[in-house]
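Student: I would like to take a close look at how one part of this protein is packed. Could you please guide me through it in a connected way?

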Amino acid sequence: MKVLVTGAKGQLGSDVVSELEKRGFEAVGVDINEMDITDSGNVERVFDRIKPKVVIHCAAWTAVDAAEEEVNIPKVRNINAIGTEYIVKECKKLDAKMIYISTDYVFDGQGTTPWLPDCNDYKPLNVYGQTKLEGELAVANLLDKYFIVRIAWVFGLNGKNFIQTMLNIGKTHDTVRVVNDQIGTPTYTYDLARLLVDMAETEKYGYYHATNEGGYVSWYDFTKEIYRQAGYNTKVIPVSTAEYGLSKAVRPFNSRLDKSKLVENGFQPLPTWQDALARYLKEVGYGAN
């Protein structure tokens, strides 16, 4: 089975390509140099040439704060919404399955109840969330064979992420301030890639939430565990989002995603985030304590 992976040089896309190859699929990874998803003609030509049976769409604008800058908004929409629609149309032509990677940011992040995958109470708080929602709707409105997989707090080897940032800051600071009123669960791209390939082999279409297991946590608690496992003595000080006050984009307080639908449909849940963190730290040269 031939599988096209967009955003193949990113944190998730690179792990998806590796997982596909490991399992004997014909993986074709494309990034902006191979296929500019904002150019409909370019997208059509690549699809005509490759003729994939499955498309795993990992390409996205993910710089949340930069997306709020007025000069960037058209570009963000072109990538996350319009570019996704171009891919959707080619999938429809070829009757190909599509897996679209989305985000908890499509919700308003209020309350404490975990968001259900089939909840359609969409109220994105920022440009990134709004444009990812527009991408979701393009998929759901035009296709039958689709998986929309919402993830949160992503980290992987091939790209910038929160863990890397905290490790770098912890090297040079005795104390760090981290918000303790935004709650969610981390997602390790290595583990997520396995699940996405599992999905590609089925016809259990629909909306899903996928993060690592291990319980909900704040960024503050996550940072404490990062430093504990990495052997850092850096002191972590909890602060509210209002006290921290550095972000251009409004962040959701409640990023709890209900993942029970995965098990209900026979998919294997991801390992705990604590275990994922330990494996990630080992990969980047930190021994877990």
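**Helix packing and the nonpolar core**

Tutor: In this predicted model, helix α1, residues 11–22, packs against helix α6, residues 189–200, at an angle of about 55°, and their axes are 8 Å apart. The crossing of α1 past α6 is right-handed. On the α1 side, the contact is formed by Q11, L12, D15, V16, E19, L20 and K22. On the α6 side, T189, Y190, L192, A193, R194, L196 and V197 take part. Sorted by class, this contact of α1 with α6 comprises eight nonpolar, two polar and four charged residues.

A second pair of helices can be described in the same terms. The axes of α7 and α10 come within 10 Å and cross at roughly 45°, and α7 is therefore oblique to α10. Here too, α7 passes α10 in a right-handed crossing. From α7, the residues in contact are F222, E225, I226, Q229 and A230; from α10, they are W273, Q274, L277, A278 and L281. By class, the contact of α7 with α10 holds seven nonpolar, two polar and one charged residues.

The largest nonpolar core has 32 residues, of which I163, L167, F222, I226 and L281 touch the most other members. Two or more residues of this core come from each of α5 (162–172), β7 (175–179), α7 (219–230), β13 (235–239) and α10 (273–283). Among these elements, α7 gives the most, with six residues.

Finally, consider the loop between α7 and β13, where N233 is found. N233 has a relative accessible area of 79%, and residues over 50% count as exposed, so N233 is exposed. In sequence, N233 and D174 are 59 residues apart, yet in space they are 7.7 Å apart, C-alpha to C-alpha.

Note on methods:
Residues are numbered from 1 along each chain as its sequence is written. This is a predicted model: local features need pLDDT of at least 70, side-chain atom pairs count only at pLDDT 80 or more; totals for chains, interfaces and linings use all residues. Side-chain values use heavy atoms; hydrogens and water are left out. Axes are lines fitted to C-alpha atoms, for helices over the stretch in contact, and angles run from 0 to 180 degrees between N-to-C directions. Helices (H or I, at least four residues) and strands (E, at least two) are DSSP runs, numbered from the N terminus. A crossing is left-handed if the near helix is turned anticlockwise from the far one by less than a right angle, and right-handed if clockwise. Contact means heavy atoms within 4.5 Å. Ala, Val, Leu, Ile, Met, Phe, Trp, Tyr, Cys and Pro count as nonpolar, Asp, Glu, Lys and Arg as charged, and the others, Gly among them, as polar. A nonpolar core is a set of buried Ala, Val, Leu, Ile, Met, Phe, Trp, Tyr and Cys residues joined through side-chain atoms within 4.5 Å. Buried means under 20% relative accessible area, exposed over 50%, partly exposed in between (1.4 Å probe, protein chains only). Angles under 35 degrees count as roughly parallel, over 145 as roughly antiparallel, 65 to 115 as roughly perpendicular and the rest as oblique.
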